[in-house]
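The following account leads the reader through a structure step by step.

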Amino acid sequence: MEAFIAAITSIWSDSGFSALTGGHVIMILVGLVLLYMAIGKGFEPLLLSPIAFGCILANIPKNGFEEPGVMSVIAYGIHHEVFPPLIFLGVGAMTDFGPLIANPKTLLLGAAAQAGVFVAMLGAMLLGFNVQEACAIGIIGGADGPTSIYLAAKMAPQLLGAIAVAAYSYMSLVPLIQPPVMMLCTTKAERQIVMKQLRPVSHFEKVVFPIMCTIVISLLLPSVTALIGMLMLGNLFKEAGCLDRLCDTAQNALMNIVTIFLATGTGCTMSADSFLNYQTILIICLGLVAFIGGTFAGCIFGKLMHMVDGVTNPLIGSAGVSAVPMAARVSQVVGQKANPSNFLLMHAMGPNVAGVIGTAVAAGTMLAMVGPQGK
Amino acid sequence: MGPVTTNPWLIAIINMTIVFAVLIALGVLMSLIQVIDPTKKKSATAAAPAAAPKAAGKAAAPGGDALIAVIAAAVAAAQGCSAEEVAVLSISKAHAWSANSFVDAVSARKDSFF
């Protein structure tokens, strides 16, 4: 009998139950809520499901994730910026820069929407975050998950979980966050503007664009060479016309594999001790401010552009906050509500992909000016 | 090296300036690529002949079809067969004056033989 009790005691003391705290329980519940949102409500299920599951795994006490194994490899990929550039490779292979090349002035809308990044950064510094943390929080406004993780891993690794969750959560909520701001910034007459069809873009232009972008941006901001380089390499796979197999792998198999690792790893950073604090609440709030700020700035710049050229629908400005292609779809939906014969999707893809480049440039500039943590 | 500055306003202004400058520079380069695109002329010339026969075809089609039908009917009547049995009507590539002289020569031969 004594041996039986000793065995039971040993099993109990080795089990996770003996070390389970209130914080763990709360975070497991958070993971379950996120899972419900992903699977039950359909909010970004491909990303939110593994994040939520990772969150549950991270809050199982004595999970041994610190020891060598698959979880430590995934954590390495997150903390050493392996996965974000690989995700960008797939994003590049899936992105058509044609609308941007056909209408280069939409680059300005992508730049203007980065204002949200700096609004959130200013807010973060006012709330007491240090300059590196503020920059990492601000980049949530770029609505670009991989760049947010990339910058957070370099500048504020202790906030990585909260920043990644805020970025991906708000990206999934773009269809809810953006339309009220867009309606507020534009008149019905502006929303009804029909934009003329874009010019056809030649194969030469599509092939030269990623090469040119890589060289120009990487020379200017070497710290984001991995991000921009992989994005443009993926796009070159797509546009070259003779690299279909590589393109197919980058945009399907590799993308799916890396998404599983990145999202699960991000969820694993949501342990109770690093996530359940006042800072996380502030980061979630600042992320919302950043998204609203970016959308607002994009629409206002769209209005300015409309005043100058008379043909731009200001709604496409909101797509400047990356979130490809959701933000462009939101422009299309809001535009079509105002005028059912309005098709803004391709026009909005211009600022949308410009936003991806703009966010990477903003991240590189912050790294160059402020530097990684500890330097 | 530590941060260049910790003033958030300065960071924001400098960053926005750089983001705009880089994207404007990209826009200029994109316009430049469009201008120097060596495939533009080729595609334009390739598109022109492709468009030309289409246009010519559109303009000539009704008249051409009717003309062929008339000629086929005439040949069939002359040969004593149906128009469906006339298989080929080819256009001479010779100049108009040589075609006329050819017709004259045939007529002259006909006159001399018959």
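**A walk through the structure**

Helices α14(A) and α15(A) are roughly antiparallel to each other. The basis is their packing angle of about 170°, because an angle over 145 degrees counts as roughly antiparallel. The model that shows this is a predicted one. In chain A, α14 covers residues 203-220 and α15 covers residues 225-240, and their axes lie 8 Å apart. On the side of α14(A), the residues that meet the partner helix include Val207(A), Ile211(A) and Ile217(A); on the side of α15(A), they include Ile228(A), Met232(A) and Leu236(A).

The interior of the model may be considered next. In soluble globular proteins, nonpolar side chains tend to be buried together. Here the largest nonpolar core has 138 residues. Those with the most contacts inside this core are Met121(A), Cys135(A), Ala136(A), Ile137(A), Ala152(A) and Ile163(A). Helix α20 of chain A, residues 345-370, contributes the largest share of the core, with 13 residues.

None of its 13 residues is buried, so α1(A) lies largely in the open. At 1.5 Å a residue, this helix should span 18 Å, and its end C-alpha atoms are 18 Å apart, which agrees.

Ala38(A) belongs to helix α2 of chain A, residues 22-40. Ala38(A) counts as buried because it has 21 C-beta neighbours inside 10 Å. Leaving aside neighbours within four places in sequence, its contacts are Phe43(A), Glu44(A), Pro45(A), Leu48(A), Ser49(A) and Ala52(A). Ile51(A) stands 13 residues from Ala38(A) in sequence, with 9.7 Å between their C-alpha atoms.

Most residues other than glycine have a negative phi, and most peptide bonds are trans. Glu81(A), in the loop between α4 (70-79) and α5 (83-94), has a positive phi near 55°. Ala143(A), in the loop between α9 (131-138) and α10 (145-155), likewise has a positive phi, of about 55°. Is each of these residues buried or partly exposed? Glu81(A) is partly exposed, with 18 other C-beta atoms within 10 Å, whereas Ala143(A) counts as buried, with 34 C-beta neighbours inside 10 Å. A cis peptide bond, with omega about -10°, joins Val324(A) and Pro325(A). Pro325(A) is placed in the loop between α18 (278-309) and α19 (326-338).

Chain B remains to be described. Its secondary structure comes to three helices and zero strands. Of its 114 residues, 9% count as buried.

Terms used
Residues are numbered from 1 along each chain as its sequence is written. Chains are lettered from A and ligands numbered from 1 in the order in which they are written. This is a predicted model: local features need pLDDT of at least 70, side-chain atom pairs count only at pLDDT 80 or more; totals for chains, interfaces and linings use all residues. Helices (H or I, at least four residues) and strands (E, at least two) are DSSP runs, numbered from the N terminus. The expected span of a helix is 1.5 Å times one less than its number of residues. A residue is buried if 20 or more other C-beta atoms lie within 10 Å of its own, exposed if 12 or fewer, and partly exposed in between; C-beta atoms are placed from the backbone. A nonpolar core is a set of buried Ala, Val, Leu, Ile, Met, Phe, Trp, Tyr and Cys residues joined through C-beta atoms within 7 Å. Axes are lines fitted to C-alpha atoms, for helices over the stretch in contact, and angles run from 0 to 180 degrees between N-to-C directions. Angles under 35 degrees count as roughly parallel, over 145 as roughly antiparallel, 65 to 115 as roughly perpendicular and the rest as oblique. Two residues are in contact if their C-beta atoms, placed from the backbone, lie within 7 Å.
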